[in-house]
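Notebook open, structure on screen. I'm jotting down what I look up as I go, one stop at a time.

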Amino acid sequence: MSSIEPLLMPRWFSSIVIRFRSIVLIIFKLFLDIFDLLKSIIFKLFMNEFIQNLTILNRLTGITGPYVEDFLGIITGSHYSLVNVSDDSFNIGSSACYLFKQKNKRDYNNPDIYDILHIYLSKILYESPDRIKEQCADWGFNKELIEMCSYIQSDDLRKYTYITQAAVIKHEESNTIIIAFRGTQPMALLQWMTDASTNFIPINNVFNDDANNITTNDNEIQVHAGFYYALGLDQLKPLDKIDFSKVTSKTPMFIQLLNCIQKFHRNDNKFNISITGHSLGGGLASLFSFILLVYGYESSISGVYTYGQPLVGDHRYAKILNNKLGNRFHRWVNHSDIVTRIPVVPLPSIAWYYAQTLYSDALKAAAKSSQVESNPSDQHYYHSGLRFKIDNQGNLVRQNLTDQGPILAFEDRLDLFHFIYSIVNVIHSLCFITPLRSFLWLTTPVEINDHFPGDYARKIKNIVKKINEQQ
């Protein structure tokens with residue numbers, strides 16, 4: 001495989017970045033050596049204080065979050081979560097009944113009303129379970145066929161921590177099951193820690209037929225450790241039969257979701273599964289689609305729809321999803337959304353690092369990635385799926401299924417901090433959305449504003465409308 005260095009950036013800039021990162025790593029390693037020397041004296045005391053402070057901060061954010069939401073709800077008159085309080089529109093322009101009655105063969109190379117439905121599902125997932133069910137009922141779903149799943153590890157902050165939440169929605173008439181993952185909540189510290197645990201962790205590759213075209217030293221797939229533990233994949237045993245009679249809220253999330261699929265679908269008929277999520281939810285949707293492939297659901301997956309999704313796995317992971325799902329995987333990127341460009345290389349999260357080990361494999365991988373190697377793709381994250389990019393004019397820019405590696409983290413750098421683009425959105429938000437959304441455009445960088453699910457929803461709806469008018 002050829003080096004990916006030319007794809008990343010101009011050589012002179014790449015050289016500067018590599019040297020800077022190497023210096024940082026050297027300094028970091030020196031700090032670790034010093035810390036190791038003093039470990040016998042201060043490590044236990046430091047760890048106790050670190051975990052105690054982290055626990056207090058986690059509880060503090062959990063307590064203050066609802067009050068912040070209530071305050072903004074009073075000010076704006078929109079009693080939604082912090083993600084949706086500045087943009088409370090949930091109008092998909094159709095109904096679930098109309099959507100699932102469509103008999104036309106779908107063109108997966110173009111976005112359609114399914115892309116609209118799934119972004120709004122991802123958006124409403126930030127709300128409470130009751131509000132989620134009420135909104136889904138307004139769209140035409142049956143409340144009784146909506147099941148909420150959660151998987152939480154917050155007792156021991158020395159381990160990987162997570163708050164994973166998802167909804168499983170069944171549309172009876174079409175025998176369709178939708179699995180929607182909740183994204184990162186601003187006041188949920190544990191979810192931020194999940195996002196930050198970007199070190200690689202291996203999953204054994206059961207798709208040996210897809211591995212022959214990649215020259216690596218092993219048969220492992222490397223994925224984002226935070227997402228891995230958030231789905232409970234440390235208990236993934238694809239060769240063992242799952243006892244669904246023992247499933248509880250403490251059961252790993254991937255088993256809870258498989259249990260819902262088993263319970264909802266009619267065994268004598270073909271059924272469809274679609275998976276969706278925004279931000280963290282998009283990363284979990286991507287990884288869970290891989291798990292569905294592991295358990296033989298490839299033919300049942302009707303689509304994977306992610307919005308503002310961070311990178312999830314290595315080159316092998318991306319290749320397998322592309323081979324198995326092809327253009328059924330729609331990955332949406334809104335202009336300068338920074339989340340879709342991170343992480344590029346695996347690095348240890350600080351909380352996980354101090355709690356687990358002094359010399360992590362992730363640090364070694366990051367150090368190796370700063371050197372010229374024969375196969376540098378092993379040390380980088382890669383995107384998968386058919387990328388639908390929304391440019392600064394709100395137009396659709398397609399990208400074919402390719403190995404979407406670190407190049408995508410840098411190719412739009414000239415659009416960053418786009419002043420005119422921000423001012424246009426300030427005015428548009430003030431006139432057509434809410435004053436709070438306009439204020440956020442004034443005070444928050446473009447890269448963060450472009451990550452809001454409401455912006456994805458409006459722009460995708462306009463794109464689909466234009467496509468339908470042209471047909």
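Predicted model: local features only at pLDDT ≥ 70, side-chain atom pairs only at ≥ 80, totals over all residues.

Entry 1: Counting along residues 329-334, I get 6 of 6 buried, so β8 is largely enclosed by the rest of the structure.

Which strand runs parallel to β8, joined by 4 bridges? I looked, and it is β7, residues 301-307. One pair I picked out is Thr306, whose bridge partner in β8 is Arg331.

**Entry 2: zooming out.** Time for the whole protein. I count 18 helices and 10 strands. Of the 471 residues, 55% count as buried. I also checked how far along the chain the contacts reach. Taking contacts with a separation of 6 or more, 74% come from residues 24 or more positions apart.

**Entry 3: the sheet.** What is the strand order in the open sheet of 8 strands? Reading across, I get β1-β2-β3-β6-β7-β8-β9-β10, and the pairing is mixed. β1 (146-153) and β10 (396-399) stand at the edges with a single partner strand each, so one side of each has no neighbour in the sheet. Neighbouring strands are turned by 15° against each other on average, if I ignore direction.

Then I went through some of the pairs:

- β1 and β2 run antiparallel, with 8 bridges between them. Here Gln153 stands opposite Tyr162 in β2.
- β2 and β3 are antiparallel too, joined by 6 bridges. Lys170 has Ile177 in β3 as its bridge partner.
- β3 (residues 176-181) and β6 (residues 272-278) pair in the parallel sense over 6 bridges. Phe181 has Gly277 in β6 as its bridge partner.

A helix lies against this part: α10 (residues 253-264) packs on the sheet and touches β1, β2 (162-171), β3 and β6. The direction of α10 makes about 165° with that of β1.

The hairpin of β2 and β3 has 4 residues between the strands, and in it Asn175 takes a positive phi near 55°.

Entry 4: I picked Leu396, which is found in β10. Which residues does Leu396 contact, leaving aside its neighbours within four places in sequence? My list reads Pro111, Trp332, Phe388, Lys389, Ile463 and Ile467.

Entry 5: Buried or exposed? Mostly covered: 15 of the 15 residues of α11 are buried. Gly296 follows the helix and has a positive phi, near 85°.

Next I looked at α12 (residues 315-325), whose axis comes within 11 Å of the α11 axis and crosses it at roughly 65°. The crossing is left-handed. On the α11 side the contact is made by Ser286, Leu287, Ser289, Phe290 and Leu293, and on the α12 side by Tyr317, Ile320, Leu321, Lys324 and Leu325. By class, that gives 7 nonpolar, 2 polar and 1 charged residues. I noted a general rule beside this: an α-helix has 3.6 residues a turn, so residues three or four places apart point the same way.

**Entry 6: helix α5.** Last stop, residues 113-124. At 1.5 Å a residue, the 12 residues of α5 should span 16 Å, and I find its end C-alpha atoms 17 Å apart, which agrees. Of those 12 residues, 11 are buried, so α5 is largely enclosed by the rest of the structure. Among the buried ones are Asp115, His118, Ser122 and Lys123, along with Ile116, Leu117 and Tyr120.

Methods. Residues numbered from 1 in each chain as written. Heavy atoms only, no water. Pairing = 2+ DSSP bridges. Helix = DSSP H or I, 4+ residues; strand = E, 2+ residues; numbered from the N terminus. Axes fitted to C-alpha atoms, helices over the stretch in contact; angles between N-to-C directions. Contact = heavy atoms within 4.5 Å. Buried < 20%, exposed > 50% of the residue type's maximum accessible area, 1.4 Å probe, protein only. Left-handed = near helix turned anticlockwise from the far one by under 90°. Nonpolar A, V, L, I, M, F, W, Y, C, P; charged D, E, K, R; others polar. Expected span 1.5 Å × (residues − 1).
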